[in-house]
Amino acid sequence: MRERHERGLHKIAVGMLFTVGNSLIRFPWRATDPKVTALFILSVAGALLPACLLYPLLRRLFRQPLGRSGWRLPVAAVSALAVGGYALYVGWHCMRDYVHYAAEMILTGERSLLFGLLFLLCIVLLARLPRHGADSFSLILAIAALLSVLLLFLSGISQYRVEYLAFRLPASVRELANDALPLWRETVLPLVILSAYMALSTPRRGERSLIVGTLLGYAVLFLCVLQTLLTFGAPFSAGLSYPYSQAVRIVSFGQYFFRPEIFSYGLDFAACLVRAAVCLATVKRLIGRFSPRLAPYVPLTAGAAGCVLWVLL
């Protein structure tokens with residue numbers, strides 16, 4: 001029972017960090033309109049769709065023997081190609097977003113190439129770890145990320161202005177669709193990969209861990225967005241490159257003006273590392289369903305291809 005409980009916590013940690021991912025860096029819900037808060041809250045409903053609908057389908061498709069019926073193998077192969085291709089796309093963009101963010105907010109431009117290659121190496125190493133090792137490492141990162149977000153949120157209370165908050169629902173269904181669909185594309189659609197990863201790596205039913213992890217990730221995002229809006233307001237934060245990092249950067253205390261925004265750097269690193277590694281691990285497990293001998297080489301091959309692309313681009 002205790003081992004099962006620990007596995008549940010590990011999967012929740014993976015789900016939380018993957019949900020945050022590079023969404024906080026991209027800040028896709030930025031808007032000068034007060035409906036940004038409503039749109040973010042409404043997006044939680046969309047985030048549960050992959051966990052409630054896709055996870056059972058993917059688990060049944062990929063976990064059961066592929067040769068029992070004539071249609072299962074071709075459907076599984078086409079689905080694996082689609083999910084695996086999208087996982088590589090999301091993993092690449094996640095890595096690229098984080099390296100660009102780190103180059104602007106933490107490093108100098110001359111070091112960005114080396115940092116990008118080192119970050120890619122971390123992704124490959126984490127993706128190559130066995131399931132229990134990767135999940136345990138994610139649990140440590142998730143605890144540190146939660147503590148960092150809470151610390152930064154409480155530290156910024158003196159900077160908050162409640163009058164900056166406003167709430168307005170979209171005036172029509174068309175307006176809701178026009179505003180919500182781009183947000184869902186950035187935050188909800190990547191959760192398809194998380195559902196596939198859970199379906200391929202969880203030995204028993206994992207809907208509860210997947211749902212709790214997704215909701216916890218959205219809770220972290222909500223605190224970060226709330227801190228940004230309380231600090232700058234929607235119109236000003238919409239024009240910033242990295243609104244949350246710049247919101248926590250103005251938090252200072254003590255005569256030496258110690259700035260705790262360093263904790264936000266750890267949050268972004270952990271979330272982007274886990275999302276990109278999960279994408280790569282998903283591709284590895286998808287290939288492993290059809291050719292187990294090739295699966296261990298997938299992270300190294302993808303990492304080598306990523307190095308070439310990163311140097312050339």
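**Ground rules**

I number residues from 1 along each chain as its sequence is written, and I use heavy atoms for side-chain values, leaving out hydrogens and water. Since the model is predicted, local features need pLDDT of at least 70 and side-chain atom pairs count only at pLDDT 80 or more, while totals for chains, interfaces and linings use all residues.

**Entry 1: H5 against H12**

I took helices as DSSP runs (H or I, at least four residues), numbered from the N terminus. I looked up H5 (residues 112-128) and H12 (residues 262-290). Their axes come within 8 Å and cross at roughly 55 degrees. Axes here are lines fitted to C-alpha atoms, for helices over the stretch in contact, and angles run from 0 to 180 degrees between N-to-C directions. That angle makes H5 oblique to H12. My angle classes: under 35 degrees is roughly parallel, over 145 roughly antiparallel, 65 to 115 roughly perpendicular, and the rest oblique.

The crossing of H5 and H12 is right-handed. Right-handed means the near helix is turned clockwise from the far one by less than a right angle; anticlockwise gives left-handed.

Next I listed the contact (heavy atoms within 4.5 Å). From H5 I noted Phe119, Cys122, Ile123, Val124, Leu126, Ala127 and Arg128. From H12 I noted Phe269, Cys272, Leu273, Val274, Ala276, Ala277, Leu280, Ala281 and Lys284. I sorted the H5-H12 contact by class: 14 nonpolar, no polar and two charged residues. Ala, Val, Leu, Ile, Met, Phe, Trp, Tyr, Cys and Pro count as nonpolar, Asp, Glu, Lys and Arg as charged, and the others, Gly among them, as polar.

**Entry 2: H5 against H13**

I moved to H5 and H13. Their axes come within 10 Å and cross at roughly 165 degrees. H5 and H13 are therefore roughly antiparallel to each other. Their crossing is right-handed. The H5 residues in contact include Gly116, Leu120 and Val124. Among their H13 partners are Gly303, Gly306 and Trp310. The contact of H5 with H13 has ten nonpolar, four polar and one charged residues.

**Entry 3: H6 against H12**

The axes of H6 and H12 come within 9 Å and cross at roughly 155 degrees. That makes H6 roughly antiparallel to H12. This crossing is left-handed. Among the H6 residues in the contact I noted Arg131, Phe137 and Leu141. H12 brings residues including Phe263, Leu267 and Arg285. I counted the classes of the H6-H12 contact as eleven nonpolar, three polar and two charged.

**Entry 4: cavities**

I searched the whole structure and found three cavities of 30 Å³ or more. On a 1 Å grid over the protein atoms alone, a cavity is a set of points where a 1.4 Å probe fits but cannot get out; a pocket is an open set with protein on both sides within 12 Å along at least five of seven lines; lining residues have an atom within 4 Å of a point. Points are joined across faces, edges and corners, and a volume is the space filled by probe spheres set on them.

The largest cavity holds about 70 Å³. It has 13 lining residues, and Leu126, Ala134, Tyr197, Val278 and Ala281 are the closest to its centre. H5, H6 (131-155) and H12 each give two or more residues to this lining. H12 gives the most, with five. By class I logged ten nonpolar, one polar and two charged residues.

**Entry 5: second largest pocket**

This pocket holds about 310 Å³. Of its 20 lining residues, Leu88, Trp92, Leu280, Ala302 and Gly306 are the closest to its centre. H4 (72-105), H5, H12 and H13 (298-312) each supply at least two. H13 gives the most, with seven. The lining has 16 nonpolar, four polar and no charged residues.
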